[in-house]
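Let's take a friendly walk through one structure, starting with a pair of helices and ending with a sheet. Please have the 3D view open as you read.

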Protein chains: 2
Amino acid sequence: MELSNIGEFGLIHAIQKLSFQSSPDTMIGIGDDAAVLKIAPATLLLATTDMLIEGVHFDLTYTDFYSLGWKSAAVNLSDIAAMGGKPRFCLTSLAIPAHIPVEAVKDYYQGFSSLVRAHKTILVGGDTCSSKDGLVISVTVLGEAKKRMVVPRSGAKQGDRIFVTGTLGDSGAGLELLKSGVRGRESGVRSQKSEIRSKDFNSALRAPHSALINRHLRPVPRVEWGRQIALSGCASSMIDVSDGLSSDLFHLCEESGVGAVLLSDALPLSKSLMKSADYLNKPPLHYALSGGEDYELLFTVPLSRMKRLKALPIPITEIGMITTGYEMFLMNAVGRKTALQPTGYTHFKRTRNCAKRLT
Amino acid sequence: MELSNIGEFGLIHAIQKLSFQSSPDTMIGIGDDAAVLKIAPATLLLATTDMLIEGVHFDLTYTDFYSLGWKSAAVNLSDIAAMGGKPRFCLTSLAIPAHIPVEAVKDYYQGFSSLVRAHKTILVGGDTCSSKDGLVISVTVLGEAKKRMVVPRSGAKQGDRIFVTGTLGDSGAGLELLKSGVRGRESGVRSQKSEIRSKDFNSALRAPHSALINRHLRPVPRVEWGRQIALSGCASSMIDVSDGLSSDLFHLCEESGVGAVLLSDALPLSKSLMKSADYLNKPPLHYALSGGEDYELLFTVPLSRMKRLKALPIPITEIGMITTGYEMFLMNAVGRKTALQPTGYTHFKRTRNCAKRLT
């Protein structure tokens, strides 16, 4: 069915009917000029927003709409996780080109809803409008945190150890596998945009390389891990790995006014990445440093708080150390240091991103 | 200067340098994964978001970037006004095509900043990214209100009188004047997108018809008026006039489960509209009912609370009455009633918008 058959307000009603949770803290949700919400007393409000543009952040040849909805929720939930916060409410806006069928839009909302519901986060508003060119998504997530629990990017100090959750590089390699046609060849997914449906992708996710493709299409925001890191009080700074480890470490160093040495041999790599990197003919380290969209948490821990780490029941790896100065280095197993540049994704320009240093 | 000269993070730093206010309630603003904010105790949080898409919501031939920034703030502040709330914080995201110069982006932020500052609202975050096709803007505004002060769309009851602030139709006529080339002929503004600068428009705003063009380009959200209406306790329901009076009254009726009769002779029309409607060869009523983007406040008052209106030092006009049933009528000076359809803007479809009634 085409959107012009049901119109803007028909679409809004269809979205309202999807199984988004309600909550006693949502006084007014979708349907008024603004949502009216209760925030727990003595907590701080966290607010983050991200835009996803067709042709820039995603390509409908490589994703289904369910995954796209999931991911647009994930990238924002991950930002709340990186503050050590608890997501509470979200708003999502879509600008939709005429050729996209209603079913695809519903798939988007189902993917979105499925992830936010898992994190007890309530959809309370948004905006749906037509787009002349590509699909545009904008998501805002509101969360809360106790004052002492917020972990900023700016607290890293010389001597702090650098940690990361999970494994790195899987998502970046997953994207390259999709681009190299792995999914198309191995699962017979049709690549015409209008034919892309979630069921096709569900079978793709069972194919070889599926772990990496799954991490790219449906990343899991580390909300619970972020809360546990914050509650333990171990972290002096934290950021999520969205642009790529080298770029996100650069942001953290920049905000904290420090430098860093990363141990190349220590970076946590999955078996799937080792295997697929061979297939893609690039070193796994390339994906781990520059791949982006891992949505793992990168955080620093002062030596005096290292004991608090031990009680954390989450997979973390020590990958380096904070230094003075503003430079970043990569050190290999025999102690050889090379300069490390932020090589992850940056908009408008793909060269070295060092605007703040130059100005 | 082109965006590729300064890159994404150079742009973020340039934005941070603009004179956005800070506030003791902004614990962390731009530059971290999420903003960290204090909300006053015992208040409810208001949240609203809107997307503005080039070619759908605006045309760079008819607006300058300063006005565009101003308007994208205004449409969201207006939603907070329509709840009777106080705007506190905002987030704005931009997806920017490569051909837009850095100066234009700065103009956008200056227009945005100028309006939000006037409302003591702090920019605390957002997202800047590249766009392949058109300029895309997404704004979220967070506000607060005491529990009893929130005015929803859904409280209108049979017999309530309908009021509107200010005058209607000016903005819609302003847009038609711009489209008919009034600005170009009378102020010599160059229409090439890359050459559009605020200074050209500043002179256009002094030309004849300028009042209407100004209302279209730089609408004033009725934040203080909305607060006064809420504080007086007179209103049973409220909405802002963004799609056009007929459509927004329809939304209000729909949410309240009521109908309405509007008095065509009572609609408040400006002298400028009367004059320019002649020039445009359309009845002023057309713009007042369907023009849209007035950003006035439409609200209902039970007879028992009419006295509270008298103390309000704001320009309001009584324009009709809430009825039972779900239908809307327009009644002229001799008492003749005609059916009133929501004829304001709707996305995906420009025919009668009555999705909820049909399903």
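What follows describes a helix contact and a sheet in this predicted model.

**The helix pair**

In chain A, helix α4 (residues 170-179) and helix α10 (residues 271-280) have axes that come within 10 Å and cross at roughly 40°. Because angles from 65 to 115 degrees count as roughly perpendicular and those under 35 as roughly parallel, α4(A) is oblique to α10(A). The crossing of α4(A) past α10(A) is left-handed.

Which residues of α4(A) and α10(A) meet? From α4(A) come D170(A), A173(A), E176(A) and L177(A), and they meet L273(A), S276(A), Y279(A) and L280(A) of α10(A). By class, the residues of this contact divide into 5 nonpolar, 1 polar and 2 charged.

**The sheet**

Now to the strands. An open sheet of 6 strands runs in the order β1(A)-β2(A)-β3(B)-β6(B)-β4(B)-β5(B), with mixed pairing. Its edge strands, each pairing on one side only, are β1 of chain A and β5 of chain B. From one strand to the next, the twist averages 20°.

Here are some of the strands with their residue ranges:

| Strand | Residues |
|---|---|
| β1(A) | 26-28 |
| β4(B) | 86-97 |
| β5(B) | 122-131 |
| β6(B) | 136-145 |

Strands β4(B) and β5(B) run parallel and are joined by 9 bridges. Within this pair, L91(B) stands opposite G125(B) of β5(B).

Where does helix α3 (residues 102-118) of chain B lie? Helix α3 of chain B lies across β4, β5 and β6 of chain B, and runs at about 170° to β4(B).

Conventions: Residues numbered from 1 in each chain as written. Chains lettered and ligands numbered in written order. Predicted model: local features only at pLDDT ≥ 70, side-chain atom pairs only at ≥ 80, totals over all residues. Heavy atoms only, no water. Axes fitted to C-alpha atoms, helices over the stretch in contact; angles between N-to-C directions. Helix = DSSP H or I, 4+ residues; strand = E, 2+ residues; numbered from the N terminus. Parallel < 35°, antiparallel > 145°, perpendicular 65-115°, else oblique. Left-handed = near helix turned anticlockwise from the far one by under 90°. Contact = heavy atoms within 4.5 Å. Nonpolar A, V, L, I, M, F, W, Y, C, P; charged D, E, K, R; others polar. Pairing = 2+ DSSP bridges.
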